[in-house]
Amino acid sequence: MKVKEDIDAYLEQFYSRDKDWCAGTGSILMGTWQMYEATKDEQYFSWIKNYLEEVVAEDGSIKGYPSNEDVLEGIGGGLIFFRMYDRVNEEKYRKAITYVMERLRECPRCACGNFLYGKSEPDESWLVALYKTQPFYMAYETTYGKKEKYNDIINQFENVEKFLYNENRDFSPFGLQMRSLACYLAAFVDTLDHMSFEIYEQYRVLQDAFKMALQKTLPYQSQESCLFPSRIGAEADAVTENTLQIDEAGSAIIGYSILKACRMGILLKEKYVASGIEIIESLTRNALFSDKGFAEDIEGIGMFIMACGEYLRIKKEMDENG
């Protein structure tokens with residue numbers, strides 16, 4: 001996979017940036033961990049550890065962590081501290097998990113109980129809020145919280161469904177950014193990844209909701225490019241092969257969600273894995289790390305690296321299994 005060379009070069013120059021915590025930082029770190037799990041190349045683990053050495057203090061505090069209305073931006077990347085604590089058993093990473101959880105508790109909520117990301121009324125920002133908060137929230141509850149907040153997590157997903165779908169269980173007739181919808185899909189998969197399967201009824205609720213959302217999303221995929229448009233719904237332009245504006249980051253995270261769901265057994269590989277592979281291979285044919293595309297979109301690049309890691313991992317499994 002030639003794009004691995006581009007990823008490695010990107011990480012080398014990213015390391016030289018100022019080390020402040022944000023959604024983009026967390027996305028890059030989680031993407032690098034995906035590459036590490038896929039390749040077992042210790043350079044990725046070393047990159048993560050060296051980077052975090054400059055960001056995480058011994059008391060678990062995190063350099064440059066966003067505050068006030070942006071506090072939610074730093075939550076998702078907190079998953080990396082679970083990985084690091086499991087791997088190296090250094091106390092500062094356990095403290096960093098606690099630090100991020102304290103920041104999550106500070107996040108404002110709307111009247112129905114969902115974490116706010118933008119406006120208080122239901123809108124597509126709620127989909128992004130699920131992606132940025134619920135996987136970490138679930139990991140914390142499963143590991144340290146005795147699963148007492150599982151209902152809170154499930155309710156936040158169900159609240160989003162109430163405004164996302166109309167009475168026919170189709171997407172409501174308003175404009176949706178594909179990236180928001182892609183984040184919604186990834187929120188399900190990453191949350192399920194940290195959920196105890198023993199709580200089967202609640203696990204099944206999220207699994208079924210993910211499958212329905214994916215089924216409603218796939219028809220918007222371009223037959224020509226295998227990628228997805230930047231917007232759908234009433235606010236989007238007519239979608240044709242000639243006018244389609246592609247959302248690369250959104251497409252990457254959709255491909256990631258499909259492949260990870262196949263690997264986890266949420267989706268049937270026989271039915272879906274080829275679609276996920278097509279999406280990632282289409283993206284890798286483009287110069288995503290050039291001045292074009294989403295080269296300056298750090299979070300988007302992180303999503304792409306996550307997708308590439310998942311792609312390499314599932315391709316390896318397929319090769320090993322013949």
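1. Let me start with a term. A cavity, found on a 1 Å grid over the protein atoms alone, is a set of points where a 1.4 Å probe fits but cannot get out. Grid points are joined across faces, edges and corners, and a volume is the space filled by probe spheres set on the points. With that in hand, the structure holds 1 cavity of 30 Å³ or more, and the volume of the largest cavity is about 250 Å³.

2. A word on what you are looking at. This is a predicted model, in which local features need pLDDT of at least 70 and side-chain atom pairs count only at pLDDT 80 or more, while totals for chains, interfaces and linings use all residues. Residues are numbered from 1 along each chain as its sequence is written, and side-chain values use heavy atoms, with hydrogens and water left out.

3. Back to the cavity, and who surrounds it. Lining residues have an atom within 4 Å of a point. The largest cavity is lined by 20 residues, of which M30, G76, L79, Y131 and D190 are the closest to its centre.

4. The largest share, 5 residues, comes from α2. Helices (H or I, at least four residues) and strands (E, at least two) are DSSP runs, numbered from the N terminus.

5. On to charges. The count comes to 25 salt bridges, each being a side-chain nitrogen of Lys or Arg within 4 Å of a carboxyl oxygen of Asp or Glu. One of them joins K4 and D41, with the closest N and O atoms 3.9 Å apart. This pair links distant parts of the chain, 37 residues apart: K4 is in helix α1 (residues 3-14) and D41 is in the loop between α2 and α3 (42-53). K4 is partly exposed, at 23% relative accessible area, and D41 is also partly exposed, at 25%. For these terms, buried means under 20% relative accessible area, exposed over 50%, and partly exposed in between (1.4 Å probe, protein chains only).

6. E53 and K92 form a salt bridge as well, with the closest N and O atoms 3.2 Å apart. E53 belongs to helix α3 and K92 to helix α5 (residues 91-106), so the pair, 39 residues apart, links distant parts of the chain. E53 is partly exposed at 36%, whereas K92 is buried at 3%.

7. R103 is worth a look for two contacts. Its salt bridge with E106 has the closest N and O atoms 2.7 Å apart. R103 is buried, with a relative accessibility of 14%, while E106 is partly exposed at 48%. Salt bridges that share partners also join K49, E53, E58, E90 and K92 into one network. R103 also lies over the face of Y99, at 4.5 Å from the ring centre. A charge sits over a ring if NZ of Lys or CZ of Arg is within 6 Å of the ring centre and within 35 degrees of the ring normal. The charged end of R109 sits in this way over the ring of F115, 4.2 Å from its centre.

8. How many aromatic pairs does a search of the whole structure find? There are 23. Rings of Phe, Tyr and Trp (its six-membered ring) pair if their centres lie within 6.5 Å; planes under 30 degrees apart count as stacked, over 60 as edge-to-face and the rest as tilted. W126 and F163 are edge-to-face, because their planes are at 85°, with the ring centres 5.8 Å apart. Both residues are buried.

9. Finally, two backbone spots to check. K146, in the loop between α6 and α7, has a positive phi near 60° although it is not a glycine, and K146 is exposed at 70%. R169, in the loop between α7 and β1 (176-177), is likewise not a glycine and has a positive phi of about 65°.

Conventions
On a 1 Å grid over the protein atoms alone, a cavity is a set of points where a 1.4 Å probe fits but cannot get out, and a pocket is an open set with protein on both sides within 12 Å along at least five of seven lines; lining residues have an atom within 4 Å of a point.
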